[in-house]
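Please take a look at the chain below and let us walk through it together. We will go from helix packing to the ligand, then to a salt bridge and some backbone details.

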Amino acid sequence: MQTTQFASVYGPVKSWRFGRSLGIDPIGSVSTCSFNCVYCQLGEIEQQNATRKIFVPTERIRQDLLGFQPWDIDVITLSGSGEPTLAQNLGEIITMAQILTGKSVGVLTNGSLLGDSSVRAELAIADFVAVKIDAVCDQQFQGINRPVQNLTLDKIWSGLKQFRQRYRGQLAIQTMLLSPWRDQDQINYITHLQELCPQEIQLNTPTRPKPLEHQLDARGNHELLQSYPVRSLKPVSEEVLKQFRDRIQAVLDVPVRYPALIH
Ligand code: SF4
């Protein structure tokens, strides 16, 4: 049962990836995404589609942001209750937040809409963009990310590479490991990254259980608030993350980060 009233700005959230981050949720109280990842902190996605529209008006977000003055934070991040590039006012929100707060504004995306030139143009306004890539083969992609029909990994890589050509901000690739990757998958991943040249790679593994239903609290640090049914997910060991990091860094001169795991 949903107990928290929707607010389009939340946090600040402490993140090992971004520091003290204020979240903007451009999607709203119904979780909406083109994926339905098996580890999603939002629970099972309520509306799965890849159609853009305005979910939360920019003016509403501006008003909510004003409530967080003087913005004692490191960054502002658009993610929230689903895939932020589905918001048709994405570019408008990024620009408004940059001008209003003077802070770096970034977007966490699953990359599924990067084949759309207007999404690429709007995302290019962001100071940093982190794109989720959890798979290098379609079987892995379907099993982990469970995308909408007709969305393939090839389409995502192709859109991402087009985006990279014009993007002048900081690009990170975020990869969630649910189990150690096969040797050939690691090689294919590194080959893609050599072409892409991101500024950072963030390896992750599920450290929090997955809520069974959508919880607005799950947008932030919700460990202490957990009073709803969850499903546990098994993380890979820190050794697995370290080995993968070392392998990437043997080929690519790029920072590779992963969270410290507490067992
Ligand atoms: S892409 Fe993000 S919001 Fe969408 S289902 Fe996956 S983890 Fe959840």
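What follows is a short tour of this model, one feature at a time.

This is a predicted model, in which local features need pLDDT of at least 70, side-chain atom pairs count only at pLDDT 80 or more, and totals for chains, interfaces and linings use all residues. Residues are numbered from 1 along each chain as its sequence is written, and side-chain values use heavy atoms, with hydrogens and water left out. Helices (H or I, at least four residues) and strands (E, at least two) are DSSP runs, numbered from the N terminus.

Let us begin with helix packing. Two packed helices are described by the angle between their axes and the distance between the axes. Here axes are lines fitted to C-alpha atoms, for helices over the stretch in contact, and angles run from 0 to 180 degrees between N-to-C directions. Helix H1 (residues 58-66) packs against helix H2 (residues 90-101) at about 30°, and their axes are 10 Å apart. H1 and H2 are therefore roughly parallel, given that angles under 35 degrees count as roughly parallel, over 145 as roughly antiparallel, 65 to 115 as roughly perpendicular and the rest as oblique. On the H1 side, the contact (heavy atoms within 4.5 Å) is made by Thr58, Ile61, Arg62, Leu65 and Leu66, while H2 brings Glu92, Ile93, Met96, Ala97, Leu100 and Thr101.

Now compare a second pair. The axes of helix H6 (residues 183-196) and helix H7 (residues 238-249) come within 10 Å and cross at roughly 45°, so H6 and H7 are oblique to each other. Their contact draws on Asp183, Gln186, Ile187, Tyr189 and Ile190 of H6, together with Phe244, Arg247 and Ile248 of H7.

Next, the ligand. Cys33, Phe35, Asn36, Cys37, Cys40, Leu42, Ile45, Gly82, Asn110 and Lys132 surround the ligand, each with a heavy atom within 4 Å of it.

A salt bridge is a side-chain nitrogen of Lys or Arg within 4 Å of a carboxyl oxygen of Asp or Glu, and the count comes to ten. One joins Arg146 and Glu44 at 3.3 Å, N to O. This pair links distant parts of the chain, 102 residues apart: Arg146 is in the loop between helix H4 (138-145) and helix H5 (153-166), and Glu44 in the loop between strand S3 (32-33) and strand S4 (47-48).

Finally, the backbone. Most residues other than glycine have a negative phi, and most peptide bonds are trans. The bond from Gly11 to Pro12 is cis, with omega near 0°, and Pro12 is in strand S1 (residues 9-15). The bond from Gln69 to Pro70 is also cis, with omega near 5°. Trp71 has a positive phi, near 60°, and is found in the loop between H1 and S5.
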